[in-house]
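Here is a short tour to read alongside the structure. Keep the viewer open and follow the topics in turn.

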Amino acid sequence: MCQIDTCLNGGTCVAVDERITIQSFTCLCAEGYSGNRCQNVNSKITVSFRNVPIPTSVLFHFIRVFENSPHNRWTIMKKIRIDQNMITVDESIPFHIIYAELSRKIYYLVVLQEKYTKSASILTEIMPTRRCKPLPELFNSSMLDLHLIKRIKYYHIPCKEQSDLVCFYDEGRMCFCNLFRHANCFDFAHDMIYNCQGVNDCENNAQCFQDKPACPTMTVCSCSECFYGAKCQFSTAGLGLSLDAILGYQIRPQKSLADQSTAVHISLSVTIILFFICILNSISSILTFQTKTSRTAGCGLYLFGSSIISILTITMVALKFCLLLYSQMNLISNRTFLRVHCTSINFLIRVFYSSDNWLKGCVAIERSITVMKGTHFDKTKSKTVARWMIGIVLISSLISTIHDPIHRDLMDDKEEQRIWCITRYSKYISIYNSIILLIHFMPPFSINIISTFLVIVTVARQRSISYTRLTYKDHLHQQFRQHRHLISQFMLISLTVPQLILIFLSKCMKSARDP
């Protein structure tokens with residue numbers, strides 16, 4: 001029967017059957033301990049990184065060497081949190097060699113010991129000098145074309161000639177240079193499939209790892225790119241370049257604002273500065289265009305509406321930043337509130353941003369019509385059209401973006417102890433979303449370009465007819481100087497082109513350290 005002291009070092013005693021005899025129990029050991037009663041302290045390997053990019057996860061390949069039988073190999077996977085610069089691995093099985101695989105076939109020699117020391121505490125580093133080089137970096141093409149039997153006898157040459165070489169590998173072997181600078185090679189399968197001995201419940205082609213090669217007590221899923229969750233059941237495709245993707249992983253849970261990363265502090269400062277600048281600019285525009293004299297034509301109505309929408313947009317962006325900050329710091333945990341925030345604020349930002357683009361496009365169109373018609377321009381009709389267009393723009397932006405809140409939901413990331421707001425688009429909805437992004441950006445952008453040059457060319461032609469003392473080219477240069485504000489506005493709008501390109505290139509949040 002399980003007693004208080006049956007399992008040591010914080011282990012949990014579990015009865016194996018209902019008869020509960022004194023021997024019918026199993027101890028589930030706490031991390032760092034092993035044995036029938038958790039009486040053994042595991043070997044602890046602490047690995048730090050020097051001049052090497054820190055990945056989100058590392059594969060550790062353990063090798064145990066036997067004198068008269070083939071070596072034994074097993075692999076475990078460890079994930080690295082965004083706020084960690086080192087990783088600790090506990091292992092109860094004797095080992096002699098450890099290789100760390102940071103990415104596909106990028107190996108580093110972590111531990112090489114002739115004799116295994118039980119319960120040892122090992123401090124080691126992953127650094128460029130410990131990288132295992134692939135064979136093409138050591139031999140020329142003629143040597144690589146040789147049959148393995150002829151080629152392998154030359155493997156000692158790199159060890160002799162390169163004193164800093166610690167290990168290398170070919171298509172089916174891993175080699176290390178021993179103290180005598182001889183190559184010691186053994187079979188090593190680079191394309192192993194990790195499926196937890198055929199019981200892989202990980203989804204979306206994720207690899208499954210067990211904490212022990214025999215009698216495992218825990219499995220961990222290594223998700224492929226763009227997938228998250230304990231079983232890799234969640235996809236972050238469609239997250240795009242939202243604040244969640246750009247800044248989410250930079251925010252550290254359970255830490256105060258003062259203890260956050262530099263990226264968070266800079267983002268907060270920039271958000272505050274932009275908020276006050278945009279608010280002051282928009283308020284001054286509202287005060288200018290609220291008077292009747294400034295709204296004698298439709299252009300004044302468009303600019304008045306655009307000023308109001310600009311205030312709403314920057315307010316929503318600032319609110320989004322604050323809520324993201326507080327939710328990722330785990331200061332907000334109410335799921336109903338987070339779901340409302342997830343489905344509404346991102347949606348409103350898209351609606352306001354699209355509407356503002358189209359209203360600026362309407363201003364550009366009316367400016368062109370005014371220049372072309374001159375004194376025949378009908379201001380009363382222009383105001384009537386403007387009122388209709390403002391309503392149509394708002395309703396169209398709302399309807400075309402309604403798919404966004406419908407496909408947004410919260411995603412629980414238990415490993416990071418976070419709650420993410422993500423979109424789950426189907427293939428066809430994703431295509432539709434891309435088309436809508438283009439529609440709300442490219443036509444207004446093109447209208448502003450065409451209108452700017454149309455105004456300049458038309459006015460220059462009219463002036464060249466009235467004032468013949470200057471040539472058409474002189475009038476054209478003069479108009480370019482007088483309409484610099486239009487050109488600067490066009491340049492400001494063009495700055496959003498790289499953002500649009502990145503949205504289409506960045507399909508998902510790829511990693512914690514490099515989203």
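The unreviewed UniProt entry carries the annotation "transmembrane region" for residues 263-289, 301-326, 385-403, 435-460 and 486-505. Please keep in mind that what you see is a predicted model.

**Annotated spans**
- Residues 435-460 are 92% helix and 0% strand, with the end C-alpha atoms 37 Å apart.

**Helices H6 and H7**
- Two packed helices are described by the angle between their axes and the distance between the axes.
- For helix H6 (residues 298-328) and helix H7 (residues 335-373), the angle is about 155° and the axes are 8 Å apart.
- An angle over 145 degrees counts as roughly antiparallel, and H6 and H7 are therefore roughly antiparallel to each other.
- The crossing of H6 and H7 is left-handed.
- The contact of H6 with H7 holds 19 nonpolar, 9 polar and 4 charged residues.

**The S8-S5-S11 sheet**
- Here 3 strands make up an open sheet with mixed pairing, in the order S8-S5-S11.
- Strand S8 (86-91) and strand S11 (121-126) are at the edges with a single partner strand each, so one side of each has no neighbour in the sheet.
- On average, neighbouring strands of this sheet are turned by 20° against each other, direction ignored.
- Strand S5 (residues 43-49) runs antiparallel to S8, and 6 bridges join them.
- Thr46 has Thr88 in S8 as its bridge partner.

Notes:
Residues numbered from 1 in each chain as written. Predicted model: local features only at pLDDT ≥ 70, side-chain atom pairs only at ≥ 80, totals over all residues. Heavy atoms only, no water. UniProt positions renumbered as here; feature names shortened; annotations may be inferred. Helix = DSSP H or I, 4+ residues; strand = E, 2+ residues; numbered from the N terminus. Axes fitted to C-alpha atoms, helices over the stretch in contact; angles between N-to-C directions. Parallel < 35°, antiparallel > 145°, perpendicular 65-115°, else oblique. Left-handed = near helix turned anticlockwise from the far one by under 90°. Nonpolar A, V, L, I, M, F, W, Y, C, P; charged D, E, K, R; others polar. Pairing = 2+ DSSP bridges.
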